[in-house]
Amino acid sequence: MADNNDDILGPKAFSASVKSSDLDDFIFLIDLNKDVCSISDDCVKYLKLPSANFSNALQAITSIVHNDDKRLLSECLSKLRKKENSSNDFIVECRMQAPAGNYVPVALRAKYIPAANILTGTAALKANQRDDITGLPLESQMVADYNEVRRAMGSVSGFILAIRIEGLEHINASLGLEAGDRIFNVVAQTCIEEQNDKTRAYRISGNKIALLNIGGGTATDAQNLFQSLKRRISDIEFDLDYSVVFTISAGIVAFINDSSDLKDLIKKADFSLSMGKKSGKNNLYFFNNSEYSRHINKLDLRNKLRESVKNNFSGFEIYYQPVIDATQFNPKTGGQQVHVIGAEALLRWGPPGEEKLPADQVIPVLEETGLMAPVGRWILMKAFNQCHIWNQYDKNFHMSVNLSYVQIERSDILFDVECALEKTKVTPENITLEITESGYIDHDELQRLFDELHKLGINVDIDDFGTGYSNLRYLQNLHANTLKLDYTFVHKAVKGKDGDSERRVIEHIINMAHDLGMKVCLEGVESEADVEILSKLKPDKFQGFFFGKPVSSYAFLDKNKKYFRDNAPPKSDEPEEIS
């Protein structure tokens, strides 16, 4: 492996930059019979031309065109003279050499006049239309090229193949930014070599390259193009003796007779690219409209949740589901003797007048957007306060609140809990925090958190026990108060084909938990038949739709009004809810 990155990757292919003040249009005439050119004096200041009037016109002009663009210009001129261009003119962008030796982007608009055998047109120096590293036209030029065809044809058919270099961050970190730029340049030059008169490469945002086909190309054509690029890159790695290893991921969006804005198509291609990356490096992903619709809906939900948080948590609400004392429940009474010992606080969200979304649709979005911490604090305050209110009816009524692993990792959860306890004046022993033993949480940190919460007098339950992350080895050290068995686990015991074996597993878990001084709550109890089967296993608590669905605080109080009325305090002692 060479010590010098220049030896590995070679120097940059070129550098092009033109200040905005340098923009101008230059009229030119080329007499094809006499092969002479007349051009404005100002143009000579910017391009390496002999003078404003010179002979050997085509050779002189071609000599200052970048090698990678000469073939394209030559093809345009050839078609023009053969009258293959129906509009009898052409527009082409190429790089031309400036007096200082660098290359600048020039847009040529030319028209052939057969009678006089004269090529006439304008040349425009264009600022910021090419990338300094790769020389590729930028996204703004991509939009302009697409719009030009769309205006002329009314609609466009073709594809966008969006490409990202995987491992570029590692190359930048280990070999330096210059090496990363050169790798990017290598891929760009490979894309340039794959160009044809219908497909062109552009540099787009976020270290990505897009190959745009607006000549009727299909998704299959795009797939073949991607495979060709991969083979070329593999050959480059071999030539470099694998001193630098990198791969590309790609996303494809194909379109037929489409009149959409290119920016909308780029968004779809970018989405496909991100999906390709999720499925693994060196992969290609074809655009899927159903998945994209879900993605757009998720983005919309993110924005609405942000606005709700900003607007004093408008649209957020806490629903409550009863927790039942299983030891005092008699299945033979048909559910008439139900002892409600507490409730689980469950988040809901929705605009006024619309159906509320459940926690499993809202929480993941809150976690991804960083909104889980403020919403989590709001949940703690509301649920603790509600428990304090209901404790006036039953001093032993418990409130269970779920903690997201994001709350635990990205906020000072102990401080948040202490603040909620202090402000609401709730009895800590009546609060239970439910934590899922997620693989994302370090077990040593989890044990320290359990210990600190116990010091505050708060109960801690392990939620969704049996979902795959739970480890029996840690149960004794964590000192959890209750194991909550996931509802899918319970459903297998009462409805699955292997119900007998599943029930034996649950019975062993219950016995083990009792031996360790813990209680067990069975979730997902849906029918009286479920209760009859599960009661024989001697759990401590039940929770499920059979005993009550999650409802608002008012509905919860109304449903359990007899229970609360029997324990009601004098009117003067009723607490007021904290806003």
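**Confidence of the model**

The protein chain has an average pLDDT of 82, and 82% of the residues score at least 70. Residues 1-24 have a pLDDT below 50, and this stretch makes 60 contacts in the model beyond near neighbours in sequence. The pLDDT is also below 50 over residues 570-579, a stretch with 14 contacts beyond near neighbours in sequence. Where pLDDT is low, predicted coordinates should not be read in detail.

**Helix packing**

A pair of packed helices is described by the angle between the two axes and by the distance between them.

| Helix pair | Angle | Axis distance |
|---|---|---|
| Helix 17 (residues 487-495) and helix 18 (residues 499-515) | about 130° | 7 Å |
| Helix 17 and helix 19 (residues 528-535) | about 90° | 10 Å |
| Helix 14 (residues 413-424) and helix 15 (residues 443-455) | about 20° | 11 Å |

On the side of helix 17, the contact is made by Phe489, Val490, Lys492, Ala493 and Val494, while helix 18 contributes Gly499, Glu502, Arg503, Val505, Ile506 and Ile509. Sorted by class, this contact has seven nonpolar, one polar and three charged residues.

The pairing of helix 14 with helix 15 has an angle of about 20°, which makes helix 14 roughly parallel to helix 15. The crossing of these two helices is right-handed. Ile413, Leu414 and Val417 in helix 14 meet Leu449, Glu452 and Leu453 in helix 15. By class, five nonpolar, no polar and one charged residues make up the contact of helix 14 with helix 15.

**An aromatic pair between separate parts of the chain**

The structure holds 14 aromatic pairs. One of them joins Phe397 and Phe556 in an edge-to-face arrangement, at 6.3 Å centre to centre and with 80° between the planes. Phe397 lies in the loop between helix 12 (372-390) and strand 14 (398-403), and Phe556 lies in helix 20 (residues 553-559), so the pair ties together parts that are 159 residues apart in sequence.

**The surroundings of Ala359**

Ala359 lies in helix 11 (residues 359-369). Not counting residues up to four places away in sequence, Ala359 touches Leu347, Arg348 and Pro364. Between Ala359 and Leu347 the C-alpha to C-alpha distance is 5.2 Å, although the two residues are twelve residues apart in sequence.

Technical notes: Residues numbered from 1 in each chain as written. Predicted model: local features only at pLDDT ≥ 70, side-chain atom pairs only at ≥ 80, totals over all residues. Heavy atoms only, no water. Axes fitted to C-alpha atoms, helices over the stretch in contact; angles between N-to-C directions. Helix = DSSP H or I, 4+ residues; strand = E, 2+ residues; numbered from the N terminus. Contact = heavy atoms within 4.5 Å. Nonpolar A, V, L, I, M, F, W, Y, C, P; charged D, E, K, R; others polar. pLDDT = per-residue confidence, 0-100. Phe/Tyr/Trp six-rings, centres within 6.5 Å; stacked < 30°, edge-to-face > 60°. Parallel < 35°, antiparallel > 145°, perpendicular 65-115°, else oblique. Left-handed = near helix turned anticlockwise from the far one by under 90°.
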